[in-house]
Amino acid sequence: MADLSHESNSASDSDSDDSSSIDGAGVEMSDEDMNAMMAFEQELEKNPKLYDKHIEYIALLRKCRLRERLCEAHEKMADHFPLSEQLWTEWVNDELKHVESTEDVQRIQKLFGRAVKDYFSVTLWISYLEFVAEFESTVQERSPEGLKHMRELCENGLTAVGLHVMEGAKIWAIYRKFELAVEAKGQGGDKQQDKVRQLFHRQLQVPLEDGEATLAAYVQWESKHAKDVPPHIMKAHTKAQEAAQLRMSYETAVSADKAPDANVLAAFLAYVKLEQAQGDPARVQCIYERAISVFPVTHELWVQYARYLETNLKIPSVVHSVYSRAVRNCYWVGVLWARAIRALSRLGVPSSEPAARLALAEQAHLYSQASYEDYMEVVLARLDGLRMAVQVSADDPSSVGHKEALRSGFKECSKLLTSYFPDYLDRTLKIPSYWSNSEAHVMQSVDAARKVWEEVLKTGLGRYCEAWAAFASMERSCRNLTAARAVYKRAVARKGMEEGGTIAMATAWLQFEQQEGSGEEYFQAALKVEPILEEAAAASAAEANVQVAAAAKAAAAKQAPKLSPEEMTKLRERADPNLAAAKQAPKLSPEEMTKLRQMTDPNFKSKAKAAAAPQTAPSTGIHHRHLWPLATSDHATQGNDRVQLSVFNSSRGTLAAIPSSNSQRRLLY
């Protein structure tokens, strides 16, 4: 077993503090737990975005009862991720074990205040309000300060979760319980009765699942004061209950006991449409919040929610809060960061806020998760805000500072993109096009705009026609036609242009001179361009001929009929009679083949007879001459006189035919 007080230098002090904070003695850990703890710390130091590692690390520290480290681990995870209802509950419970002073109560209240901001949670709000009611001394004493504090918290809870059809009544109940307790102590007199009555009236007009129970409690309370329920409240209550009944089928479809799948998401979206049709933004916001608590990393849901708030609610603080939570939940989605930055700029927040948002995107390692295009969206959103600041302050002395901020922004963003995506060539030219346009038309500096393109041409983009065309277009938009013509000349003369790039620039030059130049300028351009175009046309024609020949060959092959094996055999039989005859000939066994050969060839001997015959050849009556059968006629079976032989004279090396007839047989030399 290892004692944490004797750990390595990097952890000994904190471990000693942990030990004393728990029980005043050294806390013993197994070597396995200690090694696991050190491994977690090293991994999270390298990459703090490992969500599951944070969870495992916290569980290990809780198991080992290391309070100080556990608190630090909770804080580090909360810095990088929003925490779920369960994680916040576990954190709060860890802290509740050590409540000893007023400072501890205040600290846990702040912890609850952070917890209820991450996600929609009736459970956390109930715990928050109950904790304050039980542990906050000013609330227990019912001091004016305590009453104000508790009422503010209850109102915040109603705003956050009080519209939940199935569970919102729990927050109303806590609020009523508090006010009734104040009334029971005789505080406030008639004014306190009015507060209780007003609270009942408010709740009875909200579509809640337990509306009838609330009405019964209200009737009982009013009876103690010899009063009846006002008719307009009864009418409003009836209408609220009808609204609650309308939503029951939706509540069933999104109930907490259902697994968060596509069907539940679709049900939430349908619920949102219902509330939008009813026209109450607060209820729409409530359903969006509930949906997000179930699907926190579905970025499309965040986009829809934030857009609705921007369009309908239009409260900067609320919009800002939602976007801040969105990018914490989906930090890898560039479009959310871009929309967050644009919303900040549009809502008129200080210029430092969008800059801080871009810095947060960088700290969140967006570039390591998102594509070039996603990160480009974030960068462009930041540049949009800087450009708008220049345009808004055009006649203001502060415009000089805004212009410098815009130029610095372009330089910084270009550097970021290059450092994060060094091998990417953006042929869409979004940043240089935006930069040069801002220099030329927003900050009225054509020289600065021209410098932007000259720097671009020095990079790998210089071999692509898009960069040259954009450069010439910028000069033309500023009516610098001579400068634009010079760009076209340089582009056509440049060596190493991509395939087809020179042709494209030559054609663009002719079009430019046709629309902007004089007759002589068009003629001079044509003299430069026509040889290039003619050469390209010749090469294209040659390539076309090759392609035509290949296409004709392919077409002929495609048109040739495809025959089956049976059809191929029939075709061969028609072309070769011997094939058909061979096919019709009977198939003989080896013994039948041997007998047939013996019948047609008297000189043929089977293997058995050849083995039994003497090794010396029989005398032919011809001295120093050897006879071999030369051929066998088809009529050999009619007599030996038709067999032809050949005689080989070994001494003279000649071969002569011997007539087969015995009467005519003679040697030919």
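I began with the accessible surface of the protein chain, which comes to about 38,200 Å², with 53% of it belonging to carbon and sulfur atoms; the areas come from the Shrake-Rupley method with a 1.4 Å probe. I note that this is a predicted model, in which local features need pLDDT of at least 70, side-chain atom pairs count only at pLDDT 80 or more, and totals for chains, interfaces and linings use all residues. Residues are numbered from 1 along each chain as its sequence is written, and side-chain values use heavy atoms, without hydrogens and water.

I looked up burial next: of the 669 residues in the protein chain, 37% are buried (under 20% relative accessible area; exposed is over 50%, partly exposed in between; 1.4 Å probe, protein chains only).

I then turned to helix H17 (residues 316-329) and helix H18 (residues 334-346), whose axes come within 9 Å and cross at roughly 160 degrees. Helices are DSSP runs of H or I with at least four residues, numbered from the N terminus. Axes are lines fitted to C-alpha atoms over the stretch in contact, with angles from 0 to 180 degrees between N-to-C directions. The crossing angle therefore makes H17 roughly antiparallel to H18 (over 145 degrees).

Last, I checked Pro-260, which lies in the loop between helix H13 (231-253) and helix H14 (262-278). Pro-260 counts as exposed because its relative accessibility is 54%. Beyond its neighbours within four places in sequence, I found Pro-260 in contact with Val-294 and Phe-295 (heavy atoms within 4.5 Å).

Note on methods
Helices (H or I, at least four residues) and strands (E, at least two) are DSSP runs, numbered from the N terminus. Angles under 35 degrees count as roughly parallel, over 145 as roughly antiparallel, 65 to 115 as roughly perpendicular and the rest as oblique.
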